[in-house]
Amino acid sequence: MHDFIVPFGPQHPAEKEPMCIRAGLEGETITELDLRFGYVHRGMEKIFEGKGIDQGIYLCERICGLCSESHSMAFTRTIEEMLGLDVPMRVRHLRSIVTELSRLHSHMIWAGFMAHEAGYETLFMYLMRERERIMDILERTTGGRVHYGINKIGTLRYDVPNAKLAKMVEDVDTTLKNIEKYVDTFRNDGTLKERLVGTGMITGIQAKRFGIVGPVARGCGINNDVRKSDPYAAYDLADFEVPTYKGCDAWSRTMVRLEELYESGKIIRQLIKDIPDEKIPAFKFTKADDGDHFARIEAPRGELFYYLKVRDSKIDRLAIRTPSMAVLPMVLKPALMGEKVSDLPIVISSLDPCFSCMERVVIVEKGKEKVYTEPDFRRKFSGR
Amino acid sequence: MAGKAIRRSPWINHFNPGGCNGCAIEILATLTPRYDVERLGIVLKGSPRHADILVVSGYANRMNETRLKRIYEQMSDPKIVVAIGRCALGEGRLAKSYVLCKRVEEIIPVDVFVAGCPPTPEAIIEGIRRALEVYKNGSKKG
Ligand code: SF4
């Protein structure tokens, strides 16, 4: 029932990452969708097997460049809870601070993209300019712009001096003050509203049924945030709100993320204010008992779930459920059906997918979900 | 004529055939006001047919092998390839994966490698500058 098919990707100007969607069109309306994933599948979970536990932190940051800190956070949380390690308060504070900083930079790059897709190239540039300040803070405190490598099991690789933290608050405040103008543009600008309000609707019922997480769920009025419901690191000490909107459309999701920027700023300010002065223990992890555990944290895109099984002090199995995986394959179809083809990039951006995180074994074909079993998988991918 | 234009204002096209996003966002950062490669005439283009330089970040997995080759073929001569990041070098722990059959180098000819995980935006700009030098020195005939 479509007139013609428009392929979108895997290399497409509007998407920075390879993904492939074939949209069947009737006139300008999308009536059929064929999603093809797997363009950045790297077999990450398999690489983890047999690696030492401290090597896991290095590797899990390389799952995704945008939320690398969240991945290492989830990994350390899993292993620390499994071993029952007692993590000093200062370490916890610093970890939360770095995670919030990475949330800031992730949401800002996303806001820039949103503006770019809506045709606001200048807004994109302005937001990216402000984002560089956050990147500078991250580089100053952790040594890396993208992969920080600051977490170690039970401790941090190095302490961050208090003087740096004071400067950090200043810089975060400046950034948040500077972007107020741009947030206002998102909130009030007529053109943006015209394009975003009512686009890419996912109803609350659908959201609940698909079990979606993160800002997309919060844009549907579902208040779920792991930082509140299952606090980790130092989040139980911080006082912050979880913004929710009931619009269920691209605009609500935009507003949720933009308000989260300010909440992150709040958390950083509070945690730096009452960070305890203590010495960070040296890293001395040698051996782990066999066992398994799962833990979750709130990544910029939603709940990130890690399952870890350890045998002989080595990683035996690591299963990851990333927020993009939970959101995108489920809601892309309901969100896009009946939309105009020109809204396709906007809707995808508003879901904020991260394909590097997402590409695991599940392959979605024409709405039917097909999960590969191990023999299938071997036949398909490693029969060389 | 084309040679002159390319030296003055190379247009780049970016393709990520299977790395983490790290390199991709650093390439993006080079376009933003802090590093602003447009002042050097470098413009990011969506279509490979418009581009002079192909910037590849990440490994090529099975799925992307033919795509990468196709993108390279679609570019018009003279074409330069810059591989960004340790993934594209074909090193690192990730290189042992079952889906990563070939290095970028084995699929398409690469002129310049930029090492780092991820390299800084400065290094990426330097890499593109070197690529132009390679072109100028005539090792690549258009
Ligand atoms: S080199 Fe590093 S940052 Fe770049 S794509 Fe590979 S893992 Fe990511």
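**The ligand site**

Mentor: The shell around the ligand consists of A:Arg62, A:His147, B:Gly19, B:Cys20, B:Gly22, B:Cys23, B:Gly85, B:Arg86, B:Cys87, B:Gly116, B:Cys117 and B:Pro118. Keep in mind that this is a predicted model.

Trainee: Why is the site shared between chains?

Mentor: Look at the chain letters. The residues that surround the ligand come from chains A and B, so the site is shared between them.

Trainee: Which helices of chain B each supply at least two residues of the shell?

Mentor: They are helix H2 (22-30) and helix H4 (85-89). H4(B) gives the largest share, three residues.

Trainee: How do the residues of the shell divide into nonpolar, polar and charged?

Mentor: Five are nonpolar, five are polar and two are charged.

Trainee: In which cavity does the ligand sit?

Mentor: The ligand sits in the second largest cavity.

**The sheet of chain B**

Trainee: Next, the strands. How should I read a sheet?

Mentor: Start with the general idea: the strands of a sheet pair through backbone hydrogen bonds, and the pairing is either parallel or antiparallel. Then follow the order of the strands.

Trainee: What is the order of the five strands in the open sheet of chain B?

Mentor: The order is E2-E1-E3-E4-E5, with parallel pairing. At the edges are E2 and strand E5 (112-114) of chain B, each of which pairs on one side only.

Trainee: How many bridges join E1(B) to strand E2 (residues 43-44) of chain B?

Mentor: Two bridges join these parallel strands. In one case, B:Trp11 has B:Val43 in E2(B) as its bridge partner. E1(B) is also joined to strand E3 (residues 53-57) of chain B, in parallel, by four bridges. There, B:Ile12 has B:Ile53 in E3(B) as its bridge partner.

Trainee: Is strand E1 (residues 11-15) of chain B mostly covered or uncovered?

Mentor: Strand E1 of chain B is mostly covered, as four of its five residues are buried.

**A loop residue in chain A**

Trainee: Where is the place of A:Gly143?

Mentor: A:Gly143 is in the loop of chain A between helix H5 (121-142) and strand E4 (151-152).

Trainee: Why does A:Gly143 count as exposed?

Mentor: Compare its value with the cut-off: exposed means over 50% relative accessible area. A:Gly143 has 58% relative accessibility, so this residue counts as exposed.

Trainee: Which residues is A:Gly143 in contact with, leaving aside its neighbours within four places in sequence?

Mentor: With those neighbours left aside, A:Gly143 is in contact with A:Leu138 and A:Tyr158.

Note on methods:
Residues numbered from 1 in each chain as written. Chains lettered and ligands numbered in written order. Predicted model: local features only at pLDDT ≥ 70, side-chain atom pairs only at ≥ 80, totals over all residues. Heavy atoms only, no water. Near = heavy atom within 4 Å. 1 Å grid on protein atoms, 1.4 Å probe; cavity = no way out; pocket = protein on both sides within 12 Å on 5 of 7 lines; lining within 4 Å. Sits in = over half its atoms within 2 Å of the grid points. Nonpolar A, V, L, I, M, F, W, Y, C, P; charged D, E, K, R; others polar. Buried < 20%, exposed > 50% of the residue type's maximum accessible area, 1.4 Å probe, protein only. Contact = heavy atoms within 4.5 Å. Pairing = 2+ DSSP bridges.
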